[in-house]
Amino acid sequence: MTKNSNHIKIFDTTLRDGEQSPGASMNIEEKLKIAVALEELKVDIIEAGFPAASKGDFEAVSEISKKIKGSSICALSRASRSDIETAAKALKDANAPRIHTFISTSDLHMKHKLQLNAEEVYQKVIDSVSFARNLCDDVEWSCEDGTRTNMDFMCRTVEAAIKNGASTINIPDTVGYSIPDEFTNIITHLVNNVPNIDKVTISTHCHNDLGLAVANSLAGVRAGARQIECTINGLGERAGNAAMEEVVMAMRTRNDMMPYNTNIVTEKLTKTSKLVSAVTGFPVQFNKAIVGKNAFAHEAGIHQDGMLKNNKTYEIMTPESVGVSESNLVMGKHSGRHAFKQKIIELGYSVNDNVIEEAFENFKSLADKKKNIYDEDIVAIIDDQVIRINDSIILKDLQVIAGTKGPQQAQINLMIEDKLNNITSSGDGPVDAIFNGLSKLVPHNAKLLLYQVHAVTEGTDAQAEVSVRLSENGKTVVGLGSDTDTLVASAKAYINALNKLIVKREKSAPAKMSGV
Ligand code: KIV
Ligand code: ZN
C-alpha cells in the first residue's frame with residue numbers, strides 16, 4: 001500500500017501493546033472475545049500478542065490464529081531467531097500471518113538498553129528480518145524509539161529491512177515524544193531518501209505521553225504512511241497508544257482535509273470500546289472523544305435549543321455513526337421468552353439455550369425489582385451470566401448488615417467446587433466485610449488494586465456494574481459482577497476475580513518480560 005493509495009490500514013494492538021499497560025492483562029477467553037469484536041470492526045491486522053514473552057501470550061496468539069479468519073494476525077518478536085521462531089509457531093494456523101520484529105535504533109536505547117553499537121544493531125536488522133521472511137511472507141519491521149533515532153541511521157536500517165524482505169516499515173514514537181510537524185518530517189525524509197520505500201507500507205505507532213498520539217499518527221499519514229497502529233480506547237503502555245476510534249473518526253469526519261478511508265465499521269466502535277473497558281476494568285473517561293459517555297451529550301440550554309432546530313449546529317458526527325443509540329426502553333415484566341430471545345440476538349449475542357434460559361429467569365427477577373428495563377440491562381444480565389460459566393466458586397447467598405453503627409457484617413454462602421461453605425465476617429464498611437469473608441473462604445495473597453462501581457442505566461433502581469482488580473505474585477486479574485444490589489454485585493465481582501486467579505495460578509505461566 002503506497003503513498004498514492006488513500007486507503008489506510010488499521011493495525012490494532014489492543015491485545016499486545018494495550019495489554020502491556022499495568023493491570024490490563026486479560027485471559028485467553030477475554031482476548032478471544034476482543035479479537036472477535038476487532039474482526040467484526042473489520043480491523044485489517046490484529047496484533048494478538050508477543051508469543052516469546054509468556055506461555056499465555058503464545059496460547060492467545062495461537063487460539064486467535066485458529067479462530068479469526070477475516071483479519072491478518074500479527075505476532076511480535078524481538079530481533080532474535082528464537083523469538084521469531086516462537087512467533088511463527090504461534091501463527092501456524094493463521095490465514096494471513098504476519099511477524100512483527102523490532103529493535104531499538106536510537107543512540108540512547110542502543111547504548112543503555114541493548115548495549116550494542118550501531119553496526120551490531122544494523123546486522124541484527126538484516127538477520128532478524130531475513131530470518132522472519134523465510135518463515136512468513138508478511139514481515140513488519142519496527143525501529144523502536146524511532147523518533148529519537150538519528151535520521152541517517154534510520155534510513156540505513158529501513159533500507160536494510162526492505163532489502164531483506166520487510167513489507168511494512170513501522171516508525172514508533174515509543175516514548176510519545178514527537179510533535180506532529182516533526183513526525184511529518186521524519187516520514188517525509190524516509191519517503192524521499194530510502195530506496196524502494198514506495199514498494200512497502202509505512203506505518204505509524206504513536207504513544208500518547210504528550211497527548212499527541214492521534215495528531216502524530218495523522219501527521220504521518222499526511223506524509224505518506226498508510227498504516228496506523230492503534231488501540232481501542234487508546235489503551236497501552238503509560239499514557240497509551242493512539243486511539244483507534246479517534247484516528248478513524250477524524251479521517252471520516254474531516255475527509256475534506258484528510259481524504260483517506262479505512263475498512264472500519266464505525267457503528268461498532270462504541271460496543272467494542274465498552275467491551276475493552278469491561279474486560280480490562282479500565283474506565284473510559286466521560287469526556288473521551290468518540291466513545292466517552294458525554295461525547296454526544298448536550299447539557300447547555302443554548303446547545304439543546306440549537307440541536308432541536310438542526311443537529312448539525314453542535315454535532316460534527318452523528319451518535320449513530322459510532323454506534324450510540326438512544327437508551328432503548330425494551331421490555332417489561334410481561335415480555336415472554338420468545339421476545340427475550342429475539343432481543344438477545346438483536347443485541348449481537350449468540351449464546352446457547354441454557355444461557356438464555358438462566359438469563360431469562362434473571363431478567364424476570366430484575367423486571368420485578370425495576371420499572372424500566374433497557375438494552376443495557378439485558379447486556380449486563382447476559383455478560384454477567386457468560387462471565388461466570390466456568391467459575392468453580394459461586395455465590396449462593398449474601399446477607400449484609402450495613403449502617404452508621406459498625407462493625408458492618410456479611411454472612412456469605414459460597415459453593416466451592418460443589419461444596420457449600422459459609423462464614424460471617426466483619427469489616428470497616430459492608431464491602432470490606434464481604435471481601436474479608438471471601439478472603440477467608442478462599443485464601444490468597446492477592447492485593448486489591450481497584451474497586452470500581454458504575455451504574456448500568458440512570459435511576460436509583462439501576463443495576464450496578466462492579467469491577468475488581470486483584471494482583472498476586474505479578475499475576476493480575478479483573479473480576480466483574482452486576483446486580484441491582486451494589487453489595488451483591490461487589491461480591492460477584494470479587495468472586496469472579498478469585499476464579500480467574502485460580503485458573504492463572506494453575507497455568508502458572510512465567511512472568512511477562514518488560515522493556516518492550
Ligand atoms: O512502542 C513501541 O516502540 C513498540 C514497538 C514494539 C513497536 O511497541
Ligand atoms: Zn508501543
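The structure is a predicted model, in which local features need pLDDT of at least 70 and side-chain atom pairs count only at pLDDT 80 or more, while totals for chains, interfaces and linings use all residues. Residues are numbered from 1 along each chain as its sequence is written, chains are lettered from A and ligands numbered from 1 in the order in which they are written, and side-chain values use heavy atoms, with hydrogens and water left out. The protein chain is divided into domain 1 (9-280), domain 2 (296-325) and domain 3 (393-505); these bounds come from an automatic or database domain assignment.

**Interface of domain 1 and domain 3**

- The centres of domain 1 and domain 3, taken over C-alpha atoms, are separated by 38 Å. To the contact (heavy atoms within 4.5 Å), domain 1 brings 7 residues and domain 3 brings 6 residues.
- The size of an interface is often given as the accessible area lost when the parts come together. Between domain 1 and domain 3 the buried area is about 550 Å², with 43% given by carbon and sulfur atoms; the term denotes the accessible area (1.4 Å probe) that two parts lose on being put together, summed over both.
- On the side of domain 1, Gly-23, Ser-25 and Ala-278 lose the most area to domain 3, and together they make up 55% of what that side buries.
- Across this interface of domain 1 and domain 3 there are 5 residue pairs in polar contact, both residues being at pLDDT 80 or more. A polar contact is a pair of N or O atoms within 3.5 Å; within protein, one must be able to donate a hydrogen and the other to accept it, and residues adjacent in sequence count only if both atoms are side-chain atoms.
- Helix H11 (residues 269-280) contributes the most to the side of domain 1 that touches domain 3, with 3 residues. Helices (H or I, at least four residues) and strands (E, at least two) are DSSP runs, numbered from the N terminus.
- The count between domain 1 and domain 3 is 1 salt bridge, a term for a side-chain nitrogen of Lys or Arg within 4 Å of a carboxyl oxygen of Asp or Glu.

**Zinc site**

- Asp-17 (OD), His-205 (NE2) and His-207 (NE2) coordinate the zinc ion (ligand 2) at 2.0 to 2.1 Å. Donors are N, O and S atoms within 2.8 Å of the metal (3.2 Å for Na, K and Ca); water is not among the atoms, so sites may look incomplete.
- The sequence spacing of the donor residues of the zinc ion (ligand 2) is D-x187-H-x1-H. Asp-17 in helix H1 (residues 14-18) and His-205 in strand E7 (residues 201-206) are 188 residues apart, and the pair links distant parts of the chain.
- Both Asp-17 and His-205 are buried, where buried means under 20% relative accessible area, exposed over 50% and partly exposed in between (1.4 Å probe, protein chains only).
- Asp-17 also belongs to a network of salt bridges that links Arg-16, Asp-17 and Glu-47.

**Salt bridges**

- Side chains of opposite charge can pair when their charged atoms come close. The count of salt bridges comes to 28.
- Lys-31 forms a salt bridge with Asp-57, their closest N and O atoms being 3.3 Å apart. Because Lys-31 lies in helix H2 (residues 28-41) and Asp-57 in helix H3 (residues 55-67), the pair ties together parts that are 26 residues apart in sequence. Lys-31 and Asp-57 are both buried.
- In the salt bridge of Glu-30 with Lys-500, the closest N and O atoms are 2.3 Å apart.
- Arg-254 and Asp-256 form a salt bridge with the closest N and O atoms 3.0 Å apart. Arg-254 counts as partly exposed at 41% relative accessibility, and Asp-256 as exposed at 55%.

**Glu-140 and Arg-98**

- A salt bridge joins Glu-140 to Arg-98, the closest N and O atoms being 2.8 Å apart. Glu-140 lies in strand E5 and Arg-98 in strand E4 (residues 97-104), so the pair ties together parts that are 42 residues apart in sequence.
- Glu-140 is buried with a relative accessible area of 0%, and Arg-98 is buried with 3%.
- Beyond its neighbours within four places in sequence, Glu-140 is in contact with residues including Phe-11, Arg-98, His-100, Asn-170 and Glu-229.

**Ala-132**

- Ala-132 is found in helix H6 (residues 118-135) and counts as buried at 0% relative accessibility.
- Not counting residues up to four places away in sequence, Ala-132 touches Ile-84, Ile-99 and Val-139.
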